[in-house]
Amino acid sequence: MRESTSRPFFQPCSRLHELSAEEEAVYRQLDPARIPQHVAIIMDGNGRWAGKRALKRFLGHQQGAESVQFVVETASRINLPFITLYAFSLENNLRRPKSEVNFLMKLLRSYLVGNVQRMNDNNVRMEYIGRIHELPSEVQETMQWATEATAKNTGTTLTLALNYGSRSEIVDATRAVITGLIAEAHTRGCSLEDLLQVDGIEARLDEHHITNALYTGQMPDPDLVIRTSGEKRISNFLLWQIAYSEIFITERLWPDFRGIHLLEAILDYQHRERRFGGLGESFTDEDLDTLQPATEVAEEIVAKLTPKQLAPR
Ligand code: FPP
């Protein structure tokens, strides 16, 4: 489950000069005022990357860990407040061979040990989401150490989704809400039924209660989801949180993904019109004046119907 830590206010800093020349060329095309608040990435294609080179799968994962660091550092240079990476799903844990799972756990530990100094140099905070209490204890200890070692940083928050599944996250959130209600009823010395009757169940359980009880309760929803390796699936990742996210799919395999590709995805995102279920900026009230009245439209439709279509059934 998500370890809750009180988050210092995100403080943007001026590190654009650290971008490579190629990254800077893409960054110059971006609107700095519309950098997403949160980018979530489904890192996919490590195995295929290795297969194409006749290498063992684990070398693909190893190269994928290198990509993580490159991408996170670019994210921190452009003041991206949150980046969340799908590193290890519940399904990976259950369905991959034990040897691959063990390798991924070892890789995670060595990644954290080897990169905490770079996280601090880049003002990046480390957090995790998922059923992390089910991971091996030595892995949890290293994770906890990395979180504490980076807790004072005020730049980008890197969240690794580990042993993560979105449906189980929603189950955990629902359980947390119910447990909270039972505890409150207990404190007040009444039954749960009585407690719900005081203000009505709507006041006690709505979308905000679920949102806040998710592992991501302290984060904004992702504005942009990137998936590498061309697969067009969400794979049980942040299902609740991505209701209105823009989705960017690239054929590039994760071990080949770099900061410049993150910037290209953000550029594509900035060309999208986000509607959140509304009509967007291209539709104005003047457009309503140009609409044909509904009664006229109905008359036109009826005029085109054949006698058979008009006959009562
Ligand atoms: C998908 O590739 C990726 C994963 C299962 C895990 C992601 C892990 C990493 C990027 C490396 C470790 C990360 C950290 C943070 C240390 P796949 O094996 O499903 O690739 P395939 O679909 O081509 O077989």
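Modeller: Two strands count as paired if DSSP finds at least two bridges between them. Helices (H or I, at least four residues) and strands (E, at least two) are DSSP runs, numbered from the N terminus. The model is predicted, and local features need pLDDT of at least 70, side-chain atom pairs count only at pLDDT 80 or more, and totals for chains, interfaces and linings use all residues. Residues are numbered from 1 along each chain as its sequence is written.

Biologist: How many helices and strands does the protein chain have?
Modeller: The C-alpha atoms of the chain fill a box of roughly 75 × 65 × 40 Å along the principal axes. Within the protein chain, the secondary structure amounts to 14 helices and six strands.

Biologist: In what order do the strands of the open sheet lie?
Modeller: The edge strands, each pairing on one side only, are strand 3 (125–129) and strand 6 (246–249). The sheet is open, has six strands and shows parallel pairing, in the order 3-4-2-1-5-6.

Biologist: Which residue of strand 6 stands opposite Leu 224?
Modeller: Strand 5 (residues 224–227) is joined to strand 6 by four bridges, and the two run parallel. On the other pairing of strand 5, with strand 1 (residues 38–42), there are four bridges in the parallel sense, and Ala 40 stands opposite Val 225. In strand 6, the residue opposite Leu 224 is Glu 246.

Biologist: Are the residues on the two faces of strand 5 buried or exposed?
Modeller: A residue is buried if 20 or more other C-beta atoms, placed from the backbone, lie within 10 Å of its own, exposed if 12 or fewer, and partly exposed in between. In a regular strand the side chains alternate between the two faces of the sheet. Leu 224 and Ile 226 on one side of strand 5, and Val 225 and Arg 227 on the other, are all buried.

Biologist: Which residue of strand 4 stands opposite Arg 125?
Modeller: Strand 3 and strand 4 (residues 157–164) pair in the parallel sense over five bridges. Opposite Arg 125 stands Thr 157.

Biologist: Why is Phe 276 classed as exposed?
Modeller: Phe 276 lies in the loop between helix 11 (259–270) and helix 12 (285–289). Its C-alpha is 5.8 Å from that of Tyr 244, although the two are 32 residues apart in sequence. Phe 276 is exposed because the number of other C-beta atoms within 10 Å is 7.

Biologist: Which element gives the most residues to the shell around the ligand?
Modeller: Of the 19 residues around the ligand, Asn 46, Gly 47, Arg 48, Gly 64 and Tyr 111 come nearest. Two or more residues each come from helix 2 (46–52), helix 3 (57–77), strand 2 (82–89) and helix 5 (98–121). The most, four residues, come from helix 3.

Biologist: How far apart do the C-alpha centres of domain 1 and domain 2 lie?
Modeller: By an automatic or database domain assignment, the chain is divided into domain 1 (16–164 + 220–310) and domain 2 (167–214). Four residues of domain 1 are in contact (C-beta atoms, placed from the backbone, within 7 Å) with four residues of domain 2. The C-alpha centres of domain 1 and domain 2 are separated by 31 Å.

Technical notes: Near = placed C-beta within 6 Å. Contact = placed C-beta atoms within 7 Å.
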